[in-house]
Amino acid sequence: TTPATWEGVKKQFNSAGIDVRILCYNMNGNIKDDEIDYAFRMAKAMKVKAISSSSTVSIAKRVAPIADKYKIVWAGHGHDNVADPEQFAKPETFELIMSLSPYIWVNLDIGHFTAAGYDPIPFIQKHHARISNLHLKDRKKNPDSGGRGANLPWGEGETPIKDVLQLMRREKYAFPANIELEYA
């Protein structure tokens, strides 16, 4: 497709009263550099603020120069696998990818972050200027014995959703908080 294709897509959303601000374009280990570049061309044509991507540290290293080239934010979406150093699950991993470029930010999923054993409040306070958006879901922390903490209806897990939203309101953080429904 051409940039005109994506400009048309953006126009359709705008005509329907929908303001698209973030493009989700997940990038796995098989992605080629021209596909990464394509995602940025699409984002540029759609005039979005950022690209959100479930990805890996290795891919973030390849994305950084392309994000710099286009001057468009690419935000790594976190999960809860703290055993894999390639995954965005620990504060240190997010800080590592942010060190690669001023255009590498974080799409913080506070449910996954909590399940991984971390408190999203201090992370948000420290890195709010580099957060593109939040994903809101309620989860239990991953058990020490292994396995994954369950996705649950709001109020039944351990994610401090209310505290995060109150922090956002109190500090007037401008990034959006998106509801993500993942429980059965």
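Below are some questions and answers about this structure.

Reply: First, some ground rules: this is a predicted model, where local features need pLDDT of at least 70, side-chain atom pairs count only at pLDDT 80 or more, and totals for chains, interfaces and linings use all residues. Residues are numbered from 1 along each chain as its sequence is written, and side-chain values use heavy atoms, leaving out hydrogens and water.

Me: How many helices and strands does the protein have?
Reply: Helices (H or I, at least four residues) and strands (E, at least two) are DSSP runs, numbered from the N terminus. Counted that way, the protein comes to seven helices and eight strands.

Me: What is the radius of gyration of the protein?
Reply: It's taken over C-alpha atoms, and the globule rule to hold it against is 2.2 Å times the number of residues to the power 0.38. For 184 residues that rule gives 16 Å, and the protein comes close to that, so it is as compact as a globular protein of that length. The radius of gyration is 17 Å.

Me: What share of the residues count as buried?
Reply: Buried means under 20% relative accessible area, exposed means over 50%, and partly exposed is in between (1.4 Å probe, protein chains only). Of the 184 residues of the protein, the buried share is 46%.

Me: How many salt bridges does the structure hold?
Reply: Side chains of opposite charge can pair when their charged atoms come close. Here a salt bridge is a side-chain nitrogen of Lys or Arg within 4 Å of a carboxyl oxygen of Asp or Glu. By that test the structure holds twelve.

Me: Asp-80 and Arg-139 meet in a salt bridge, but how many residues apart are they?
Reply: Their side chains meet at 2.9 Å, N to O. Asp-80 sits in the loop between β3 (73-77) and α4 (91-98), while Arg-139 is in strand β6 (residues 138-139), so the pair links distant parts of the chain, 59 residues apart.

Me: Which helix holds Glu-95, the partner of Lys-126?
Reply: The side chains of Lys-126 and Glu-95 meet in a salt bridge at 3.2 Å, N to O. Lys-126 lies in helix α6 (residues 120-127), and the pair ties together parts that are 31 residues apart in sequence. Lys-126 is exposed at 60% relative accessibility, whereas Glu-95 is partly exposed at 29%. The helix that holds Glu-95 is α4.
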